[in-house]
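Please look through the sequence and the model below.

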Amino acid sequence: MEKRFLEEYKEYIRKIGDRKALYKAVAKAYGVQQAIYPGSFIDISPSLVIPEVIYIDNFKGAIRFFKQMDGIQDYIEQNKEYPQACEISFIGQDYTEPLEIGQVDLIISQYAGFVGQETKQYLKPGGILLCNDSHGDATLARFDDDFELIGVVSGNNEVEQGELERYFKLPKEKPIDLKMVKDKMKGLKYTAAAENYVFRKIS
Ligand SMILES: C[S@@+](CC[C@H](N)C(=O)[O-])C[C@H]1O[C@@H](n2cnc3c(N)ncnc32)[C@H](O)[C@@H]1O
């Protein structure tokens, strides 16, 4: 019989889909070795393709899942796609509170609020923020002087680095209301959109 965490992880993947190919494409394109994933829930796929990942979530279901760390580590060791040992850890706290961690190469932001804004101090200069715009995190990064849009990732997990000026434009060039995005915690309906956006921290 499968371990409980593995049943839970496989059920989660059945429901939301497997993002391993997304994380792999970004890790390969930008040479990522270390990442943090605030609001990860139980999405441990990054560890299959990135050697050092810190997961952060304050939901009790996530905290319970990561209590099975020995089993999770064994599973990652057996299924990882890089030669070095995996380093995986979990912090069961609110990511908006101070975190005792160093700076990393990549922040992953998926459907978990304003992760890029709240945790960018843990990103190395030149590091990468991978986010979608479900909660408006990509919109906030696009208009944040600390970040530069350097790519998008399409639904078939290809990183595209050209014609980026066409993103984050509203129909009829309507102005973008960042206050509304923050208040509603929701992305906007732009004339061109991608599944995921890649930003570089430039300051
Ligand atoms: C909708 S789920 C998305 C989970 C995962 N990223 C995914 O894409 O399937 C949002 C997760 O973010 C976590 N989260 C939201 N705000 C958080 C915060 N301030 N601190 C820690 N975790 C947070 C929630 O507990 C939840 O597990």
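Met-185 is partly exposed, with a relative accessible area of 38%; buried means under 20% relative accessible area, exposed over 50%, and partly exposed in between, with a 1.4 Å probe and protein chains only. Met-185 sits in the loop between α8 and β8. Helices (H or I, at least four residues) and strands (E, at least two) are DSSP runs, numbered from the N terminus. The phi of Met-185 is positive, about 50 degrees, although the residue is not a glycine. Most residues other than glycine have a negative phi.

The model is a predicted one, in which local features need pLDDT of at least 70 and side-chain atom pairs count only at pLDDT 80 or more, while totals for chains, interfaces and linings use all residues. Residues are numbered from 1 along each chain as its sequence is written, and side-chain values use heavy atoms, with hydrogens and water left out.

Lys-172 is another residue other than glycine with a positive phi, here near 60 degrees. Lys-172 lies in the loop between β7 (159–160) and α8 (178–184) and counts as exposed, at 82% relative accessibility. A positive phi near 60 degrees also occurs at Gly-31, which follows α2.

Helix α2 itself covers residues 20–30, and its buried residues are Leu-22, Tyr-23, Ala-25, Val-26, Ala-27 and Tyr-30. An α-helix has 3.6 residues a turn, so residues three or four places apart point the same way. Between α2 and β1 (34–38) there is a loop that holds Gln-33. Gln-33 is partly exposed, its relative accessible area being 38%. Along the chain Gln-33 and Val-49 are 16 residues apart, and their C-alpha atoms are separated by 9.0 Å.

Another loop, between β3 (87–91) and β4, contains Pro-98. Pro-98 counts as exposed, at 66% relative accessibility. From Pro-98 to Ile-108 is ten residues in sequence and 18 Å in space, C-alpha to C-alpha.

Next comes the chain as a whole. How many helices and strands does the chain have? There are eight helices and eight strands. The radius of gyration of the chain is 17 Å, close to the 17 Å that the globule rule gives for 203 residues, so the chain is as compact as a globular protein of that length. This radius is taken over C-alpha atoms, and the globule rule is 2.2 Å times the number of residues to the power 0.38. Taken along the principal axes, the C-alpha atoms fill a box of roughly 55 × 35 × 30 Å. Of the 203 residues in the chain, 51% are buried.

The eight strands form an open sheet with mixed pairing, in the order β3-β2-β1-β4-β5-β8-β6-β7. At the edges stand β3 and β7, each with a single partner strand, so one side of each is left without a neighbour in the sheet. Two strands pair if DSSP finds at least two bridges between them. Strands of a sheet pair through backbone hydrogen bonds, either parallel or antiparallel.

Both senses of pairing can be followed at β5. Strand β4 (residues 104–109) runs parallel to β5 (residues 123–131), and five bridges join them. With strand β8 (residues 196–201), β5 pairs in the antiparallel sense over four bridges. Here Cys-131 has Tyr-197 of β8 as its bridge partner.

The last topic is the ligand. Which residues are the closest to the ligand? They are Tyr-12, Arg-19, Gly-39, Asp-57 and Gln-110, in a surrounding set of 15 residues; a residue is near a molecule if one of its heavy atoms lies within 4 Å of it. The shell divides into seven nonpolar, five polar and three charged residues, where Ala, Val, Leu, Ile, Met, Phe, Trp, Tyr, Cys and Pro count as nonpolar, Asp, Glu, Lys and Arg as charged, and the others, Gly among them, as polar.

A polar side-chain atom of Arg-19 is 2.8 Å from a ligand oxygen atom. For Asp-57, an N or O atom of the side chain lies 2.6 Å from an oxygen atom of the ligand. The side chain of Asn-58 has an N or O atom 3.3 Å from a nitrogen atom of the ligand. On its own the ligand has 600 Å² of accessible area, of which the protein covers 75%; accessible areas come from the Shrake-Rupley method with a 1.4 Å probe.

Key
Polar contact = N/O pair within 3.5 Å; in protein donor to acceptor, adjacent residues only side chain to side chain.
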